[in-house]
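Morning, everyone. I have one structure to walk through today.

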Amino acid sequence: MVGVPAPSGRPPGRLGRLSGPISRFGRFGQGWGRDRILSAVAVVTGLVMVCHSLVPNSPGNLGSLLETVLPWTGLAVPALLLAALLRRSVPAVVATLLLGAVWSAMFASLYVGGRSDTEPNLTVVTHNVNAANSDPAATARTLLAADPDLVALEEVTDEALPAYRKVLDRRLTHRVHIGTVALWSRYPITESRRVTIDPGWSRSLRAQVRGPNGPLAVYVVHLPSVRVGASGFAVARRDETLAALDRAVDQERQKKVLLLGDLNGATTDRALAPLTSRLTSVADETGTGFGFSWPAAFPIARIDHILTRGVTPTDAWTLPATASDHRPIAADLKA
């Protein structure tokens, strides 16, 4: 007996195979959903980079926290790119490459700075030496290896001061020490006083130095620490002191100004914007790389700074680690 053909013209039993392409389309649709997630993450990360100033600081000062670690958002690029390649997703790859371009536009210039053609005449070093420093003498020798003309120290204890003096006084014969900050200079220090920006602490000073081409106002500053806890990024006291420091710098009449010290904040943090609008960060201007200085074992942020006004930065770099939890930083200047 001759069989009756199936309505489709195919032999019986072949109709079920039509589910194959349909099934593959279903899997493609599910994959496309995941690809869209990767693309969306890349786009959102790029928006956060570009619009970080719009991230609110309330609650918990999340905006300042984000800006402190803003360069690290670049880690999203290789992670997303690897995921996109494994997914073989062209849209996700394109979105991630665009994210990389955004990050490069914001931060790549830090790697193409370096030394300028201007001949420097002043080398300065600043270092939070840590009150618990176990070897002050070795720390001081590390700083002298940069052949500095000025050395600013923070967290100098009365017990450790003789050890620092024993090493630094041999090369830098002029010195001022107020509270827990100190300045050593190759050039005469003609004036010095405490800068009262935090009434509860004595850890900031202003000195006038007779520099190679005239007087310099030199500030050595250690701002209050910040903490990340259950309530968010605790910066209130630092920000209050920072505002007082900004007012002091605003009233400074000396044309050439150096500000050296531990500001407990990155220049990308919006809280430092008033100060950095008046002064130039030598690391941002001429440094090579991010110049992260804390913590010393694995630096993730640049919270130690050399800022200038009326002085030309020519180079900036980070010195080798010492017995402190910070790394020292240095700069060459034309003053």
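Start with contacts, meaning heavy atoms within 4.5 Å. In the protein chain, of the contacts with a separation of 6 or more, 67% join residues 24 or more positions apart.

Some ground rules. This is a predicted model: local features need pLDDT of at least 70, side-chain atom pairs count only at pLDDT 80 or more, and totals for chains, interfaces and linings use all residues. Residues are numbered from 1 along each chain as its sequence is written, and side-chain values use heavy atoms, with hydrogens and water left out.

Next, secondary structure. The protein chain has nine helices and 14 strands. These are DSSP runs, numbered from the N terminus: helices are H or I with at least four residues, strands E with at least two.

How much is buried? Of the 335 residues in the protein chain, 47% are buried. Buried means under 20% relative accessible area, exposed over 50%, partly exposed in between (1.4 Å probe, protein chains only).

Now look at Leu-98. This residue sits in helix H4, residues 90–107. Is Leu-98 buried or exposed? Leu-98 counts as exposed, because its relative accessibility is 55%.

The protein chain has an accessible surface of about 16,500 Å². Carbon and sulfur atoms hold 60% of that surface. Accessible areas come from the Shrake-Rupley method with a 1.4 Å probe; for residues, only the protein chains shown count as cover.
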